[in-house]
Protein chains: 2
Amino acid sequence: METFSKVNLKDKFSLFKDQWSPKIVGELNGQFVKLAKVEGSFDWHTHEEEDELFLVVKGSLTIKMRESDVTLEEGEFFIVPKAVEHKPVAEHEAWILLFEPKNTAHTGNVQNERTVAIENQEWI
Amino acid sequence: METFSKVNLKDKFSLFKDQWSPKIVGELNGQFVKLAKVEGSFDWHTHEEEDELFLVVKGSLTIKMRESDVTLEEGEFFIVPKAVEHKPVAEHEAWILLFEPKNTAHTGNVQNERTVAIENQEWI
C-alpha cells in the first residue's frame with residue numbers, strides 16, 4: 001500500500017473529480033484515511049459502531065444532525081460519534097479528509113446508488 | 001470530552017506554546033487526534049504496536065528513519081508504521097497533527113525528561 005511514502009493532500013485531490021466517492025490515501029491501526037470531493041446533499045445515514053472524522057481541506061461543509069448542525073470551514077474538523085444520524089451538505093464543492101475504521105461503509109446503514117462497496121473503494 | 005463540538009486547528013494551536021507536548025483535541029474509535037508544536041530534534045524511538053500519522057499543519061518536519069528520511073511540508077502526511085524506529089526533526093517550529101491509538105506514548109519505547117505520561121496528556 002502507501003505506507004512508506006508521504007501523502008500530499010493537494011496532489012491526491014488532483015487525481016480525481018468524482019464526488020461522494022471517497023478514495024483511500026492511508027491506512028493505520030485498522031483505520032483508513034480517505035479523501036472525498038462533495039457537493040450538494042448526501043443522504044441521512046448512521047454508522048452504528050464507528051465514529052467518523054470529517055476535516056475540511058477546502059471549502060465548507062455542513063453536517064446536519066437531528067439535534068444540531070455543525071458547519072466546518074477549512075482547517076476545521078468534527079467527529080460524528082457512532083450511532084448519530086447525520087447528513088453532509090455542501091453548497092459548493094468541498095474537499096474533505098475522512099478518518100474512519102476500515103470496515104466503514106460511507107453510506108452507513110443506507111444502501112443506494114451512491115454506495116461504493118468497501119471492497120471496491122480505491123487507493124489513490 | 002470534545003465529541004460534540006467542532007475543532008478549529010488554528011484556534012487550538014493558539015492555546016499552547018510548549019513544544020514536544022502533544023495536546024488531545026479529538027477521540028474516535030480508540031484513537032486520539034493530537035496537536036503538537038515541535039522544534040529541534042526528538043529522540044529516536046519506536047512504537048511496537050502502533051502506527052502513527054504525522055500531518056504538517058504549518059512549517060516543515062523531517063521524520064528520520066534508519067532506512068530513509070521523509071520531509072513533510074504543509075498539507076502533507078506520513079504514517080510511520082509500527083515497529084519502525086523514527087526521529088522527528090524540525091529546523092524551525094512546526095505545527096503538526098498526530099493520529100495514534102489512545103495508549104500510544106509519544107516517546108514510544110524511550111522514557112526521558114520529555115515523556116508525558118499518557119494519563120497526564122491534556123485535552124485542550
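Buried area is the accessible area, taken with a 1.4 Å probe, that two parts lose on being put together, summed over both. With that in mind, select chain A and chain B together in this predicted model: the two chains bury about 2,700 Å² between them, and 64% of that area is on carbon and sulfur atoms.

**The whole of chain A**

Colour chain A by confidence, and keep in mind that its mean pLDDT is 90, with 97% of its residues reaching 70 or more. Among the elements of chain A, strand S2 (residues 23–28) has the lowest mean pLDDT, 95, whereas strand S1 (residues 7–8) has the highest, 98.

Next, select residues 33–92 of chain A, for which an unreviewed UniProt entry lists "domain: Cupin type-2". This span is 62% strand and 0% helix, and its end C-alpha atoms lie 23 Å apart.

**How the two chains are related**

Show both chains again and superpose chain B on chain A, which takes a rotation of 180° with 0.0 Å of shift along its axis and gives an RMSD of 0.0 Å. That is the relation of a two-fold axis. The same surface serves both copies, as 100% of the contact residues of chain B recur in chain A.

**The interface**

Now select the residues at which the chains meet: 34 residues of chain B are in contact with 34 residues of chain A. Between chain B and chain A there are 2 salt bridges, and 12 residue pairs are in polar contact, both residues of each pair being at pLDDT 80 or more. On the side of chain B that touches chain A, several strands of chain B each supply at least two residues, among them S3 (31–41), S4 (52–58) and S8 (86–101).

**A salt bridge within chain A**

Over all chains, a search of the whole structure finds 14 salt bridges. Select Glu122(A) and Lys23(A), whose side chains meet in one of these, at 3.0 Å from N to O. Which parts of the chain does this pair link? Glu122(A) is in the segment after strand S8 (86–101) of chain A and Lys23(A) is in strand S2 of chain A, so placed that the pair, 99 residues apart, links distant parts of the chain.

**A last stop in the loops**

Finally, select Asn29(A), which is found in the loop between S2 and strand S3 (31–41) of chain A. Although Asn29(A) is not a glycine, it has a positive phi of about 50°. Then turn to Asn29(B), in the loop between S2 and S3 of chain B, where phi is near 50°, again a positive value in a residue other than glycine.

Technical notes:
Residues numbered from 1 in each chain as written. Chains lettered and ligands numbered in written order. Heavy atoms only, no water. pLDDT = per-residue confidence, 0-100. Helix = DSSP H or I, 4+ residues; strand = E, 2+ residues; numbered from the N terminus. UniProt positions renumbered as here; feature names shortened; annotations may be inferred. Least-squares fit on C-alpha atoms with pLDDT ≥ 70 in both. Contact = heavy atoms within 4.5 Å. Salt bridge = Lys/Arg side-chain N within 4 Å of Asp/Glu carboxyl O. Polar contact = N/O pair within 3.5 Å; in protein donor to acceptor, adjacent residues only side chain to side chain.
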